[in-house]
Amino acid sequence: MQSLTNSRIETEYRARTTGSAKLYAEACEAIPAGLTHDSRTLLPYPIYAARAAGPLKWDVDGNEYVDYFGGHGALLLGHAHPAVVDAVQQQVTQGTHWGSSHETEVRWAQLVQRLIPSAERVRFTASGTEASHLALRLARAFTGKSKVVRFVGHFHGWHDQVTAGSMSHFDGSVPAGIPAALVEQTILLPADNIAAATQVLRTRDDIAAVILEASGASWGMVPLPDGFLAGLRAATGERGVVLILDEVITGFRWSRGGAQARFGLIPDLCVLAKIVAGGLPGGAVCGRADIMDQLDPAAAKAAGREKIGHQGTFNANPLCAAAAVATLSIVEREEVCARAEATAEDIRSGMRRILSEEDVPWGIYGDASAFLIFQNPKGLDIDPQTFDPLRHGFKELKAVRDANLSHRLRIAMLANGVDIMGAPGGLVSAVHGPDEVGRTLDAFRTSVRWMKAEGDIAA
């Protein structure tokens, strides 16, 4: 493998992105690592966006990209959808923060109730991290128990209760800055053995909740085995353990009712963000009325419970609520999830064909409107046409991911006009179409050929 500083790939990337390089140098003087989100890490430096529309975005150097970041998955309708833009523009002239209840938050909550099967009650937060934090507090208060079952590699935000074992410390050890006593409240399990998870639930009486990504770890990078969700639903129900389904990515994307509607499974609580706020900041917890009503002082008192406090300066902010109502109204009445999924399947099948034709032993997979690229860092014997991620498991799919290999594919794709996420992979919007698919596949073929020529891919 060539060094990142001595290759055609980097030369092409740097030649196109001098403005981004300059901004990154300035950012490093003011912002730690020059980044405001770990997932925007890219070597030698990230692109700096200037504008976006539909499935496309442009950087400060004027380069156009087919975009599969999609606002980290928040933009099912693509960038600057006219209905969303109109709603936000109308709202901003009326005020961005009233510090009061307002009609749009009611309409927003009603939309969530109609779309998400488990949503008997809805409470808004400012992010997905805040939503998972609140869901865990509600579950512990409701059950009177403290332990939480989580699964290796599943991401639920960055707060202290869910950090260990999500993106690092997969052995359950203690990350810097987090009290060991808090990490001890987590029972960290592999997500490939329903019998083991069921056994833990049946033999312990201190478990408040089980929380997991509905897609499997990292929006499906490590898919769940068949029957895993159903088995957890049965086991938690038997033991009175609160099942929390993290639908930050899958909500309104796996179907208009999320993964729970797609798979026919009703959790006790559900964590939402991204699409739920229409591309603006926002999250939500929804679920069973008896659990959610711990936030209601009258209902909590009637049930003999202590009210759970929950504040938040930007909860149901009217600007975010306007974008949310505009977005979810379209999700409710149009087949946007199906359109995005069909396009994603065209991308997945096209990439498989290219890998076979170029004799590259990588795997392409993904559910709904996601596509993921397994770069096979160990050089396993893989046929792209028959690759099955379930045969490989967490250690091969996520734990040993080669970050440098991912960076090289990403900057090669950027040099060819396509921006993919760091998995590597991407999330497809309802406005990506045949032209974007063709451009994406052309970029992928060229990038693979460049990487082969530079020794990144075994011949």
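These notebook entries record what I looked up in a predicted model.

**Entry 1**

I began with an open sheet of 3 strands, whose order is 11-12-14 and whose pairing is antiparallel. I noted strand 11 and strand 14 as the edge strands, since each pairs on one side only.

I then looked at the pair formed by strand 11 and strand 12, which run antiparallel and are joined by 3 bridges. Within this pair, I found Ile364 opposite Ile373 of strand 12. I also asked which helix packs on the sheet. Helix 15, residues 336-357, does so, and touches strand 11 and strand 12. The direction of helix 15 makes about 170 degrees with that of strand 11.

**Entry 2. Positive phi**

I next turned to the loops around strand 12. Ala368 is located in the loop between strand 11 (363-365) and strand 12 (370-374). Although Ala368 is not a glycine, its phi is positive, at about 50 degrees. Is Ala368 buried or exposed? I recorded a relative accessibility of 0%, so Ala368 counts as buried.

Asn376 belongs to the loop between strand 12 and helix 16 (393-399). For Asn376, also a residue other than glycine, I read a positive phi near 55 degrees. The relative accessible area of Asn376 is 7%; because the cut-off for buried is under 20%, Asn376 is buried.

**Entry 3. Cis peptide bonds**

I looked up the peptide bond that leads from Leu43 to Pro44 and found it cis, with omega near 10 degrees. Pro44 sits in the loop between helix 2 (18-27) and strand 1 (49-53).

I noted a cis peptide bond between Ala423 and Pro424 as well, with omega about -5 degrees. The loop that holds Pro424 runs between strand 13 (418-419) and strand 14 (425-427). Strand 14 is one of the edge strands of the sheet in my opening entry.

**Entry 4. Cavities**

I finally consulted the search of the whole structure for cavities of 30 Å³ or more, which finds 3. I took up the second largest cavity, which has a volume of about 50 Å³. Which residues of its lining are closest to the centre? Of the 13 lining residues, I listed Asp67, Gly70, Leu75, Ser429 and His432 as the closest. Sorted by class, the lining of the second largest cavity comprises 5 nonpolar, 6 polar and 2 charged residues.

Definitions and conventions:
Residues numbered from 1 in each chain as written. Predicted model: local features only at pLDDT ≥ 70, side-chain atom pairs only at ≥ 80, totals over all residues. Heavy atoms only, no water. 1 Å grid on protein atoms, 1.4 Å probe; cavity = no way out; pocket = protein on both sides within 12 Å on 5 of 7 lines; lining within 4 Å. Points joined across faces, edges and corners; volume = space filled by probe spheres on them. Nonpolar A, V, L, I, M, F, W, Y, C, P; charged D, E, K, R; others polar. Helix = DSSP H or I, 4+ residues; strand = E, 2+ residues; numbered from the N terminus. Buried < 20%, exposed > 50% of the residue type's maximum accessible area, 1.4 Å probe, protein only. Pairing = 2+ DSSP bridges. Contact = heavy atoms within 4.5 Å. Axes fitted to C-alpha atoms, helices over the stretch in contact; angles between N-to-C directions.
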